[in-house]
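Here is a short report on selected local features. It covers charge pairs, a helix, a surface patch and backbone angles.

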Amino acid sequence: MAVNESMVQDIVKEVMAKMQLGAAPTVSHGVFTDMNEAVAAAKKSQQIVRRLSMDQREQIISVIRRKTRESAEILARMGVDETGMGNVPHKILKHQLVAEKVPGTEDIRTEAYSGDRGLTLVELGPFGVIGAITPCTNPSETVLCNTMGMFAAGNTVVFNPHPAAIKTTIYAINLVNEASLECGGPDNIAVTVEKPTMETSAIMMKHPDIPLIAATGGPGVVTAVLSSGKRGIGAGAGNPPALVDETADLHKAAEDIVNGCTFDNNLPCIAEKEIVAVDSIADELYYYMVNEQGCYPINEEQQKQLTDVVLKGGRLNRKCVGRSAKTLLSMIGIDVPDNIRCITFFGEKEHPLIAEELMMPILGIVRVKDFEEGVAAAKWLEHGNRHSAHIHSKNVDRITTYARELDTAILVKNGPSYAALGFGGESICTFTIASRTGEGLTSAKTFAKVRRCVMQDSLCIR
């Protein structure tokens with residue numbers, strides 16, 4: 001079943017009707033003034049966690065899910081208020097996805113096989129204490145999904161969050177520790193520091209008690225982690241193109257692309273950032289976007305003005321990231337009604353509003369003569385990140401070609417980008433998508449060591 005904006009709003013209304021805003025916690029579990037103290041506390045707790053049965057871990061994860069659902073609106077409002085990015089209804093939905101679609105202990109599976117020389121077990125065990133760097137774009141969502149996966153594998157986690165989202169992060173960390181305590185588990189299964197800095201990040205990455213680091217953020221953060229000398233999981237940048245050919249259902253393509261692009265004001269790294277459209281259908285697609293999907297067309301002069309604002313001095317203006325189309329247009333003196341969700345225009349692939357990953361509801365359209373030229377343009381626009389790409393086509397051979405050429409961790413076919421996170425699609429949910437290091441959508445098994453146990457000449461009973 002296709003998921004449209006009306007359905008999104010219906011779900012949001014249902015969720016918000018069931019919840020009331022609560023007060024901030026009076027006690028913050030897992031928060032320390034010193035990073036070394038935080039690591040020590042997580043290490044102490046991990047000695048308990050590693051001995052918990054899978055059933056005990058799953059009980060705690062179940063309470064984290066419940067508390068996430070109950071606190072979805074609180075966390076959504078905190079995230080928007082603190083960072084200024086995104087919108088509350090969509091952030092509520094993102095927290096619901098975390099609660100319902102992030103794998104738990106079911107992801108930790110033992111393999112067994114036997115032969116003439118005995119039995120072998122292949123089991124997944126914990127690394128220990130994992131260090132995690134999290135962004136301000138999806139602060140609580142990342143903390144919650146990372147903790148659930150890492151904890152399911154028997155780890156504890158030390159977070160060094162983005163300073164612009166520390167209050168929201170602390171609330172989420174308090175939530176997971178309260179869930180553990182409620183089930184008789186240890187405190188400090190997830191920890192952080194009151195004032196995260198580059199220095200606290202460096203201490204965490206170099207700490208001898210942290211064997212694995214997971215980074216969710218920009219290319220600079222991921223590069224630092226991969227240069228740390230430790231095993232790193234890097235969830236970095238993407239500039240996902242959406243290719244539309246002449247076989248596509250253009251009404252649906254326009255709806256899906258705009259819905260995906262505008263979800264949480266384009267903050268998800270998987271969201272459509274630009275369109276590559278075959279010439280014969282480009283104008284019709286554009287018509288549906290403008291007349292049916294709330295896109296506002298801008299002319300060349302307005303494109304220049306918008307470029308000067310969002311790429312101030314050639315650098316991404318953080319004050320524009322995650323803002324609505326209405327807000328962005330107001331920055332260049334254009335007042336539009338609330339139903340305007342996206343900004344659009346035709347441009348060359350080198351146009352800065354197309355070539356750069358903006359994380360804003362801006363959809364430039366690159367016109368190409370045919371599918372082959374479209375694949376080349378999309379591949380160039382994705383910049384080799386191998387993160388995410390999308391295609392709208394009814395030609396299976398073309399879809400296959402596109403998938404092979406772009407070689408991304410995520411490819412969504414004939415749907416909105418968020419289908420890749422389990423919203424309207426068959427998938428798990430995560431907000432740490434490790435394209436650069438190859439893990440793809442991370443889950444509990446991502447944060448586990450593979451261990452092999454061999455029994456020679458026994459327990460093969462065929």
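## Salt bridges within helices

E73 and R77 sit four residues apart in helix α4 (residues 72-83), so about one helical turn separates them. Their side chains form a salt bridge, with the closest N and O atoms 2.9 Å apart. A salt bridge here is a side-chain nitrogen of Lys or Arg within 4 Å of a carboxyl oxygen of Asp or Glu. E73 is buried at 8% relative accessible area. R77 is partly exposed at 29%. Buried means under 20% relative accessible area, exposed means over 50%, and partly exposed lies in between (1.4 Å probe, protein chains only). Helices (H or I, at least four residues) and strands (E, at least two) are DSSP runs, numbered from the N terminus.

This is a predicted model: local features need pLDDT of at least 70, side-chain atom pairs count only at pLDDT 80 or more, and totals for chains, interfaces and linings use all residues. Residues are numbered from 1 along each chain as its sequence is written, and side-chain values use heavy atoms, with hydrogens and water left out.

R66 and E70 also form a salt bridge, at 3.4 Å between the closest N and O atoms. They are four residues apart in helix α3, so about one helical turn lies between them. An α-helix has 3.6 residues a turn, so residues three or four places apart point the same way. R66 is partly exposed at 29% relative accessibility, and E70 is partly exposed at 43%.

## A bridge between helices, and a network

What do the side chains of E405 and K379 form? They meet in a salt bridge, 3.2 Å from N to O. This pair links distant parts of the chain: E405 is in helix α16 (residues 396-406), K379 is in helix α15 (residues 371-382), and the two are 26 residues apart. E405 is partly exposed at 37% relative accessible area. K379 is partly exposed at 42%.

Salt bridges with shared partners join R66, K67, E70 and E182 into one network. The structure holds 20 salt bridges.

## Helix α5

Helix α5 covers residues 88-101, which makes 14 residues. At 1.5 Å a residue it should span 20 Å, and its end C-alpha atoms are 20 Å apart, which agrees. The expected span is 1.5 Å times one less than the number of residues. Eleven of the 14 residues are buried, so α5 is largely enclosed by the rest of the structure. Among the buried residues are H90, K91, K94 and H95.

## A positive surface patch

R50, R51, K449 and R451 form a positive surface patch. Patch residues have over 30% relative accessible area and no salt bridge; like charges are joined within 9 Å, and nonpolar side chains (Val, Leu, Ile, Met, Phe, Trp, Tyr) within 5 Å. R50 lies in the loop between α2 (35-49) and α3 (54-70). R50 is partly exposed, at 45% relative accessibility.

## Loops and backbone angles

D245 is in the loop between β9 (241-244) and α10 (250-262). D245 is buried, at 1% relative accessibility. D245 and I391 are 146 residues apart in sequence, yet 8.3 Å apart in space, C-alpha to C-alpha.

Most residues other than glycine have a negative phi. D264 is not a glycine, but has a positive phi of about 50°. D264 lies in the loop between α10 and β10 (274-278) and is buried at 0% relative accessible area. L459 also has a positive phi, near 60°. L459 belongs to the segment after β18 (448-456) and is exposed at 55%.

Key:
Areas by Shrake-Rupley, 256 points an atom, 1.4 Å probe, with all protein chains shown as cover. Lys, Arg positive; Asp, Glu negative; His and termini not counted. Charge placed at Lys NZ, Arg CZ, Asp CG, Glu CD.
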